[in-house]
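Here's a quick briefing to read with the model open beside you. Take a look around first, then work through the points below.

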Amino acid sequence: MLDNLNRQICKIQGRLFELSFDKGYDSENFITVFMKSEVAQNLDSEYNRMQWAGEEYILEELEEQEKENLIKSEKIFDKEVLFWTGYLYRYWHYYKNQSSKKIVKIAPAKIVTRNYLMFHTLDVEKAIDNFIEMYSQNK
C-alpha cells in the first residue's frame, strides 16, 4: 500500500502520459522513451526534485533531453489508457522497487495497453502481478 505522497507522484506520471496526447506524441514511442529516460530514472530515485515537479515541467525536461527521440504521429492511445498506464508504471516502481527501464522491459506499452480493458478494473497490485506472471510465462 502506498502512502499519499507516492500516490500523488503516480497521479503526476499519469497526467504526464495524458499530456503526451495533447502534444500529439506517438503513444507507444513516448512511453518507451520516457521509461528509459534520465527523467524517469530521476523519478525512480529515493529523493529527487523531479518528484515535486508537476507534469508540465517533467514533460519540458523530457522534451529537452529526448527531443530527437520523441515522434509525433496519429498513433495515440485514449487519454484514460495513457493515464492508467502512467499511474500503473509509477505504482509498480514503488510496489516492486524496480526501475522504470526494467518495468517497461517486463511490460512494454503495447502489452499494457492491449490488456487495459481486462486489467484496469483490478486492484493495481493485482494488475502488476498479472503482468509479471505474463512475462515469466513468455520467457
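Before we get to any packing, here's how helix axes work: they are lines fitted to C-alpha atoms over the stretch in contact, and the angles run from 0 to 180 degrees between N-to-C directions. Two packed helices are described by the angle between their axes and the distance between the axes. Keep in mind that this model is predicted, with local features needing pLDDT of at least 70, side-chain atom pairs counting only at pLDDT 80 or more, and totals for chains, interfaces and linings using all residues. Residues are numbered from 1 along each chain as its sequence is written, and side-chain values use heavy atoms, with hydrogens and water left out.

**Words you'll need**

- Helices (H or I, at least four residues) and strands (E, at least two) are DSSP runs, numbered from the N terminus.
- Angles under 35 degrees count as roughly parallel, over 145 as roughly antiparallel, 65 to 115 as roughly perpendicular, and the rest as oblique.
- Contact means heavy atoms within 4.5 Å.

**α1 against α4**

- Helix α1 (residues 4-23) packs with helix α4 (residues 55-66) at an angle of about 60°, and their axes are 9 Å apart.
- That angle is why α1 counts as oblique to α4.
- On the α1 side, the contact is made by Ile-12, Arg-15, Leu-16, Leu-19 and Lys-23, while α4 brings Glu-55, Glu-56, Ile-58, Leu-59 and Glu-63.
- Sort the residues of this contact of α1 with α4 by class and you get 5 nonpolar, no polar and 5 charged. (Ala, Val, Leu, Ile, Met, Phe, Trp, Tyr, Cys and Pro count as nonpolar, Asp, Glu, Lys and Arg as charged, and the others, Gly among them, as polar.)
- The α1 and α4 crossing is right-handed, where right-handed means that the near helix is turned clockwise from the far one by less than a right angle, and left-handed means anticlockwise.

**α5 and its two partners**

- Helix α5 (residues 79-96) and helix α9 (residues 124-138) have axes that come within 10 Å and cross at roughly 85°.
- So α5 is roughly perpendicular to α9.
- From α5, the contact uses Trp-84, Tyr-87, Leu-88, Tyr-91, Trp-92, Tyr-95 and Lys-96, and from α9 it uses Val-124, Glu-125, Ala-127, Ile-128, Asp-129, Phe-131 and Ile-132.
- In the contact of α5 with α9, 11 residues are nonpolar, none are polar and 3 are charged.
- The other partner here is helix α2 (residues 27-35), whose axis comes within 12 Å of the α5 axis and crosses at roughly 20°.
- α2 and α5 are therefore roughly parallel to each other, and their crossing is right-handed.
- Ser-27, Ile-31 and Met-35 of α2 meet Leu-82, Thr-85 and Tyr-89 of α5.
- The contact of α2 with α5 has 4 nonpolar, 2 polar and no charged residues.

**The nonpolar core**

- A nonpolar core is a set of buried Ala, Val, Leu, Ile, Met, Phe, Trp, Tyr and Cys residues joined through side-chain atoms within 4.5 Å.
- Buried means under 20% relative accessible area, exposed means over 50%, and partly exposed is in between (1.4 Å probe, protein chains only).
- The largest core has 43 residues, and those with the most contacts inside it are Phe-17, Phe-30, Ile-31, Phe-34 and Tyr-89.
- α5 gives the largest share of this core, 9 residues.
- Not counting residues up to four places away in sequence, Ile-31 touches Phe-17, Phe-77, Leu-82, Thr-85, Tyr-89 and Ala-109.

- Ser-100 sits in helix α6 (residues 100-106) and is buried, with a relative accessible area of 1%.
- Leaving aside neighbours within four places in sequence, Ser-100 is in contact with Met-35, Ala-40, Asp-44 and Arg-90.
- Glu-28 is in helix α2 and is partly exposed at 32% relative accessible area.
- Setting aside neighbours within four places in sequence, Glu-28 is in contact with Phe-77, Ala-109 and Lys-110.
- Most residues other than glycine have a negative phi.
- Asn-97 has a positive phi of about 55° although it is not a glycine.
- You'll find Asn-97 in the loop between α5 and α6, where it is exposed, with a relative accessible area of 65%.
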